[in-house]
Amino acid sequence: MVLLKNGHVVDPTNNINKKIDILIDSGKIVKLEENIDPPPKTQVIDASEKIICPSFTDIHVHFRDPGQTYKEDIYTGSKAAVAGGYTTVVCMPNTLPALDEPSLIRYIIEKGEEVGLCRVLPSAAVTKGRKGKELTEMSLLKDAGAVYFTDDGSPVMDAHIMRKAMEYAGSIGSFVADHCEDLNLSKDGVAHEGEIAAALGLPPLPPEAEDTMVARDCILSMHTGMPVHICHLSTKVGVEIITWAKAMGAKVTAEVTPHHIYLTDEEWLDFDCKAKVSPPLREHEDIEALRWALASGIIDIVATDHAPHAHQEKMQEHHHCPPGMIGLQFALPIVLELVRKDYFDMNRLVEVMSVNPAKKIGLKPPQIKEGELAELTVFDPSESWEVNEEVIQSKSKNTPLLGRKLIGKVKYTFFNGKIVYRD
């Protein structure tokens with residue numbers, strides 16, 4: 001048995017936001033009361049000054065398996081996930097080969113179960129080989145365990161194919177998630193089109209490359225009545241488009257990454273390719289719009305887009321350097337900063353990091369309730385820690401946060417009733 005004592009429990013699903021003890025026996029929560037006396041042979045964890053909440057779900061990660069496990073694998077990715085408080089993650093299909101066959105979908109699930117640290121689920125490609133030409137057999141992929149469909153990293157440029165994909169996925173109770181980027185506009189862009197890209201001579205990536213595709217997908221959703229999910233929203237105009245689409249009744253949801261609500265294109269000032277990400281880091285007005293959209297419900301989910309790359313890849317010249325940065329261990333402290341700055345409260349943090357993402361992929365969100373399996377995150381909202389290579393659990397270390405201090409640290413993660421991470 002495990003007894004979590006003196007922690008402040010936050011679970012918006014069950015309207016809990018108070019100091020309360022949690023007794024866990026055989027993996028299940030058996031008692032929720034104030035001042036529980038520990039039964040004999042009970043492991044007591046003092047959670048004083050800590051927050052205890054349902055564990056987190058990330059619907060957008062890259063674990064690079066199969067094909068690029070020198071960057072990350074399901075074991076190291078799972079270690080990073082639980083260190084960040086996550087017990088469910090959804091892997092993107094831009095692997096080698098792409099996740100466009102049922103056998104590959106089953107491989108991801110089985111490999112995740114073999115590792116056993118967290119729930120590793122796959123998304124599947126929308127088009128065969130992620131080439132944007134021919135739809136995959138979505139029904140077979142869903143039956144194999146795919147939780148949704150995306151060509152992430154490669155936008156579905158053909159509007160006719162995107163419409164058919166949304167209709168197909170919606171008809172089988174799933175959805176398409178799109179990387180919104182008009183390649184005719186973005187071309188070889190590297191950094192957000194603005195003063196910094198101009199001053200540094202970096203090839204510009206205009207925000208309308210994202211905005212036009214967000215608008216297209218919202219309109220397709222509105223006319224088909226089918227759901228669509230917008231990946232890693234990054235622009236102020238994109239927020240306005242989604243606000244309009246939701247008001248018009250479109251079944252659109254959106255996610256935002258921690259880095260797009262925390263970092264700006266100023267990260268490029270030292271010419272470090274760790275700042276290269278797709279979509280690019282934007283300007284302060286975009287960050288502010290994204291933060292308020294997350295607070296108001298226009299943006300539904302925080303998803304990390306955890307994208308590991310090897311050191312030598314990120315050391316290349318900016319044209320050849322692949323976009324992406326790791327994020328699983330940094331999401332909580334970054335979102336906590338918005339709580340400290342009064343954008344929203346701790347309930348909303350749990351909604352966007354735990355409740356909403358789990359619901360989006362058809363899972364029952366973890367709950368802090370008697371009889372429920374213990375899937376919990378225990379964190380210290382005030383602990384300051386430095387991001388360095390030693391603390392990063394991912395195989396890759398590509399983040400512009402190296403050397404910086406963050407506030408908010410996961411202390412314990414419970415998955416399937418067991419402690420899978422302790423700080």
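Trainee: How many bridges join strand β1 to strand β4, and do they run parallel or antiparallel?

Mentor: Strands of a sheet pair through backbone hydrogen bonds, either parallel or antiparallel. Two strands pair if DSSP finds at least two bridges between them; strands (E, at least two residues) and helices (H or I, at least four) are DSSP runs, numbered from the N terminus. Here β1 (residues 2-5) and β4 (residues 21-25) run antiparallel and are joined by three bridges. Within that pair, Leu3 stands opposite Leu23 of β4. This is a predicted model, in which local features need pLDDT of at least 70 and side-chain atom pairs count only at pLDDT 80 or more, while totals for chains, interfaces and linings use all residues. Residues are numbered from 1 along each chain as its sequence is written, and side-chain values use heavy atoms, with hydrogens and water left out.

Trainee: In what order do the four strands of the open sheet lie?

Mentor: The order is β5-β4-β1-β6, with mixed pairing. At the edges are β5 (28-33) and β6 (43-46), each of which pairs on one side only. From one strand to the next the twist averages 20°.

Trainee: Which strands does β7 pair with?

Mentor: Strand β7 (residues 51-54) pairs in the parallel sense with β2 (residues 8-11) over two bridges, and His8 has Ile51 as its bridge partner there. Strand β7 also runs antiparallel to β17 (residues 376-386), joined by four bridges. In that pairing, Cys53 has Thr377 of β17 as its bridge partner.

Trainee: At what angle do α7 and α8 pack?

Mentor: Axes are lines fitted to C-alpha atoms, for helices over the stretch in contact, and angles run from 0 to 180 degrees between N-to-C directions. Helix α7 (residues 208-224) packs on α8 (residues 236-247) at about 10°, and their axes are 9 Å apart. The two are therefore roughly parallel, a label for angles under 35 degrees, with over 145 roughly antiparallel, 65 to 115 roughly perpendicular and the rest oblique.

Trainee: Which residues of α7 and α8 meet?

Mentor: Contact means heavy atoms within 4.5 Å. From α7 come Asp211, Val214, Ala215, Cys218, Ile219 and Met222; from α8 come Val237, Gly238, Ile241, Ile242, Trp244 and Ala245. By class, the contact has 10 nonpolar residues, one polar and one charged. Ala, Val, Leu, Ile, Met, Phe, Trp, Tyr, Cys and Pro count as nonpolar, Asp, Glu, Lys and Arg as charged, and the others, Gly among them, as polar.

Trainee: What is the volume of the largest pocket?

Mentor: On a 1 Å grid over the protein atoms alone, a cavity is a set of points where a 1.4 Å probe fits but cannot get out, and a pocket is an open set with protein on both sides within 12 Å along at least five of seven lines; lining residues have an atom within 4 Å of a point. Grid points are joined across faces, edges and corners, and a volume is the space filled by probe spheres set on the points. The largest pocket holds about 670 Å³. Of its 31 lining residues, Gly153, His179, Ser278, Pro322 and Pro323 lie nearest its centre. The lining has nine nonpolar, 14 polar and eight charged residues.

Trainee: Which strand gives the most to the lining of the largest cavity?

Mentor: That is β18, with three residues. The largest cavity has about 80 Å³ of space.
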